[in-house]
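Welcome! Here is a short tour of a few local features, meant to be read with the viewer open.

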Amino acid sequence: MRELYDATVLTPLRVARSGGYIDWSSQPSLFKQYPEFLYRVGFDTHEELSPLGLARCVTFEGSVGGKPYLRLNTPSAGNLHPVELYVQVRGIKGMLSGIYHLDALKGELVLIRECGAEGLEHFVGMETRFEGFIFVVSVVPFRSEWKYGHRAWRYCYMDAGHQIGALCAAMDVHGLDTVLLDDVDFPGLNHMMGFKQQEFVCSVMAVGKAGEKPAKLPKAPLMQVAPTDYDESDGVVPGWIVQHHPVGRTLPPRMRSTDATLQRARRSARVFAGKAMRAEAFERIMHTLTRTPEWLNAYAIVLRNDRAPAGLYRGGEQLKAGDFAETAASMLVDQRFVANAEIVMVLSSAQYDADLQMASAAFAHGLSLDAAALGVGYTAIGAFYDKKLQTFLETPEHILYVGVFGLER
């Protein structure tokens with residue numbers, strides 16, 4: 001995977017070569033649309049469906065350049081959202097058992113196919129029918145490739161990680177435990193879902209319990225529906241996804257529960273006030289960054305705070321002292337608004353693969369919700385100069401993820 005990491009790093013030269021005019025009128029469609037003749041059910045029609053509506057929903061509606069501009073409760077590089085979410089439902093009273101697509105745009109579930117004895121179970125390591133929800137998260141690389149080229153590989157899995165984090169948080173609000181399934185037949189499930197080479201399964205999770213009745217393999221794949229209105233991929237990113245598909249082994253650690261209203265209101269902060277957050281919020285964020293999973297290392301670049309000297313921290317210890325606000329903004333591809341934030345979080349790992357890319361973003365998503373509960377803004381940063389960050393941190397580890405905390409203006 002080192003070759004894939006190196007192939008997707010950002011350098012000043014690569015950024016300069018990729019810069020240029022973007023015709024936003026040619027942007028591929030952001031939401032997969034199944035045919036109107038399919039049966040649909042709103043998230044608010046059954047109490048048991050409330051967590052599903054919270055897992056993926058539109059939180060802002062506006063317009064830019066005469067085109068609709070929508071934001072979801074999951075952050076996305078460039079607001080391109082190369083992710084889709086599906087669920088197999090069994091055992092919900094008054095609800096048809098079947099495989100559904102979560103349509104965030106319309107706030108409803110779309111029934112792709114009913115399931116009796118047949119279902120997705122055999123593709124995810126189960127022999128009996130599962131009572132509850134089996135979630136399938138997929139990525140649609142061309143939505144991100146359209147703007148970011150081959151670095152879209154990272155952004156697809158970062159965005160998928162945020163979707164995993166949002167789903168886990170939604171289930172947690174309702175007291176439901178989410179289990180990551182690691183015995184997944186990815187090629188078989190891709191074929192079953194009718195994805196072809198434009199969409200790919202990247203994670204499967206379950207909420208519920210195994211039943212006693214045997215599950216059978218479906219006789220045919222689901223209907224094929226293109227996830228975008230057109231596709232001009234050069235095939236490189238889809239090829240990487242097929243070659244290096246995830247195996248689904250890492251869920252984010254459980255964060256403090258947040259209420260549904262807070263999750264629906266989640267947004268990325270883009271303007272920071274240049275002021276210090278409350279001590280409670282600062283201490284909680286810094287403490288969480290000392291308690292990451294063993295595979296993940298967390299650095300905190302403190303730009304300003306009344307209780308801790310500015311500098312670079314790891315494991316609660318200061319590694320470097322100094323005002324690094326301008327340095328941090330420069331390393332994050334000259335995104336000047338970062339200089340007014342308070343903490344720049346950098347997550348790294350000795351290994352590098354799709355699982356870790358997703359899991360780091362899922363971890364960050366939970367932490368961002370905790371921060372929001374304390375009145376702190378957060379934004380994920382997809383664009384950063386990998387080698388400059390490695391040099392600054394004095395580490396050879398792969399940079400998985402960068403996020404910024406601060407008070408919003």
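In which sense do strand β4 and strand β7 pair, and over how many bridges? Keep in mind as you look that this is a predicted model.

## The sheet

Strand β4 (residues 83-90) and strand β7 (residues 128-139) are antiparallel partners, joined over 8 bridges. Within this pairing you can find Val-89 standing opposite Phe-133 of β7.

Both strands belong to an open sheet of 7 strands, with antiparallel pairing and the order β1-β6-β5-β4-β7-β9-β8. The edges are taken by β1 (40-42) and β8 (179-180); each has a single partner strand, so one side of each is left without a neighbour in the sheet.

## A pair of packed helices

Next, have a look at helix α4 (residues 141-148) and helix α5 (residues 152-173). Their axes lie 9 Å apart and the packing angle is about 135 degrees, which means that α4 is oblique to α5. The crossing of α4 past α5 is right-handed.

On the α4 side, the contact is made by Pro-141, Ser-144, Glu-145 and Tyr-148, which meet Ala-152, Tyr-155 and Cys-156 in α5. The residues of this contact comprise 5 nonpolar, 1 polar and 1 charged.

## A threonine in a loop

Finally, turn to Thr-292, found in the loop that runs between α9 (279-288) and β10 (297-302). A polar atom of the Thr-292 side chain lies 2.8 Å from the backbone oxygen of Leu-296.

Leaving aside residues up to four places away in sequence, Thr-292 touches Ala-298 and Phe-363.

How values were computed: Residues numbered from 1 in each chain as written. Predicted model: local features only at pLDDT ≥ 70, side-chain atom pairs only at ≥ 80, totals over all residues. Heavy atoms only, no water. Axes fitted to C-alpha atoms, helices over the stretch in contact; angles between N-to-C directions. Helix = DSSP H or I, 4+ residues; strand = E, 2+ residues; numbered from the N terminus. Parallel < 35°, antiparallel > 145°, perpendicular 65-115°, else oblique. Left-handed = near helix turned anticlockwise from the far one by under 90°. Contact = heavy atoms within 4.5 Å. Nonpolar A, V, L, I, M, F, W, Y, C, P; charged D, E, K, R; others polar. Polar contact = N/O pair within 3.5 Å; in protein donor to acceptor, adjacent residues only side chain to side chain. Pairing = 2+ DSSP bridges.
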